[in-house]
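Hi everyone, thanks for making time this morning.

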Amino acid sequence: MKSIWESEPPASESEHSERLLLQRAITSSKNGITIGRALNGQFPLIYANPAFYRLTGFAPGEVIGQDCRFLQQGHKEQPGLQTLRCALAQGAEATVLLRNFRKDGTEFWNELTVSPVLNESGALTHYVGIQHDVTERENGAQAITALNRALSLRGEELKQTNDSLRAFSSSASHDLRAPLASIKGFCTMLKKSADLPQDSRSAHYLARIEANADRMGQLIEAMLALAQSTARALNVGLCDLSRMAREVIATSHTSSPELDAQVHIEPGLMAWGDPLLLHSVLQNLLGNALKYSSTTPGARVHFGREPGGVADARFFVRDNGAGFDMKNASRLFDAFQRFHSEDEFPGTGVGLATVHRIVTRHGGVVSAESAPGAGAVFYFSLGTPCVAP
Ligand SMILES: Cc1cc2nc3c(=O)[nH]c(=O)nc-3n(C[C@H](O)[C@H](O)[C@H](O)COP(=O)(O)O)c2cc1C
């Protein structure tokens, strides 16, 4: 039997060399190329190129005269097949993704393009099929889809855990306030009562109870602030950090006049962020700077922005106070971590955890440099470019 290249003798020398070129192109193609004759809705193959045999593992004798559906091994419920059937029935072109099987039973993803061939009177005579092995691409895509699904499930789980933790800490903090207020109320009543001599042991115990109740109150407020630092949605606007810092310092002078460091606030420090949350960042960082420099003669606190860093402005709060050992730095931003005793410097150990959460939520980074007795500097960025005043 003549091959399809020889069915009609070439009319001229140039037609002959053109045929040879076409033959070369088809036989050297990396994709499978097949030609099926249109025969009562079937398309038995009259040609398949070498790439098709390499891809499927079949030999010409097993393929020629057969309709390619044998590659599906009975897997008929494929979405691509429905589209393909419609196109073939209408004599139209189509590209579909099919799950096919090689002779040895192994599976591959076949991106099949079928194009109709019409005779001079417009009747469908053949179909050309191009088989593109896209197994790697599809497996990769499926792995990504599976990974994305797993990630979104994990994200949902984390969100639920976070929501319940937040709800717990917020309701715990709220619910603790009432009994605490009651303890303080009774302490006050006891203090005023005539039965309690001022310098008695009982009066001393009462003062201790009151001090501890106060401390618990501070812890509850700090826990609430920490919960709130992630609870509400970010409400981003342009913030004047210099103005915020001046307000923080003014409030501190009123409430704690003993913290009398010399404070320098650089003017015109602007940033995009949530004003309430950024206020809390400055309150914590400046509050710490004032507190830890309170025992240093000639205490100085400086709030500014590092030069350069146009793409991601870095602000800092520097003090020349007690400082801390950098070997503890990894725990610095964890809640309830304290590097100084309560007698030395009072505090809740929640402030820096709050700062960390807020800065991270803004897409920024917070870090610190310090040494015992050499002061500390806290840097923070907000993941946004430098804003001109
Ligand atoms: C030229 C040509 C090449 C084809 N190549 C493939 C193929 O590689 N893999 C496949 O699963 N189906 C291929 N098909 C489709 C099947 O041969 C068949 O037409 C399709 O499965 C619809 O028949 P069905 O209704 O029996 O499923 C090709 C069809 C034509 C016309």
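Strands S3 and S4 form a hairpin with five residues between them, and Gly105 in that turn has a positive phi of about 90°. Before I go on, please keep in mind that this is a predicted model, where local features need pLDDT of at least 70, side-chain atom pairs count only at pLDDT 80 or more, and totals for chains, interfaces and linings use all residues. Residues are numbered from 1 along each chain as its sequence is written. When I say helix or strand, I mean DSSP runs numbered from the N terminus: H or I with at least four residues for helices, E with at least two for strands.

Now, which residues are closest to the ligand? They are Gly36, Phe43, Cys68, Tyr127 and Gly129, out of 20 residues that surround the ligand, where near means a C-beta atom, placed from the backbone, within 6 Å. Strand S1 (32–37), helix H4 (79–90), S3, S4 and S5 each give two or more residues to this shell. H4 gives the most, with four. By class, the shell has ten nonpolar, seven polar and three charged residues. For that count, Ala, Val, Leu, Ile, Met, Phe, Trp, Tyr, Cys and Pro are nonpolar, Asp, Glu, Lys and Arg are charged, and the others, Gly among them, are polar.

Let's zoom out. The protein is divided into domain 1 (31–133), domain 2 (134–231) and domain 3 (234–389), with bounds from an automatic or database domain assignment. The C-alpha centres of domain 1 and domain 3 lie 69 Å apart.

What about the largest nonpolar core? By that I mean buried Ala, Val, Leu, Ile, Met, Phe, Trp, Tyr and Cys residues joined through C-beta atoms within 7 Å. Buried means that 20 or more other C-beta atoms lie within 10 Å of a residue's own; 12 or fewer is exposed, and in between is partly exposed, with C-beta atoms placed from the backbone. The largest core has 45 residues, and Val281 and Leu285 are among those with the most contacts inside it. Helix H8 gives the most to this core, with nine residues. The core draws at least three residues from each of domain 2 and domain 3.

Val281 touches Val355, Ile358, Val359 and Phe380, leaving aside residues up to four places away in sequence; a contact is two C-beta atoms, placed from the backbone, within 7 Å.

That brings us to helix H9 (residues 351–361), which is mostly covered, with nine of its eleven residues buried. Val355, Ile358 and Val359 are among the buried ones. The buried residues of H9 pack against helices H6 and H8 and strands S11 and S12. After H9 comes Gly363, whose phi is positive, near 85°.

Technical notes. Two strands pair if DSSP finds at least two bridges between them.
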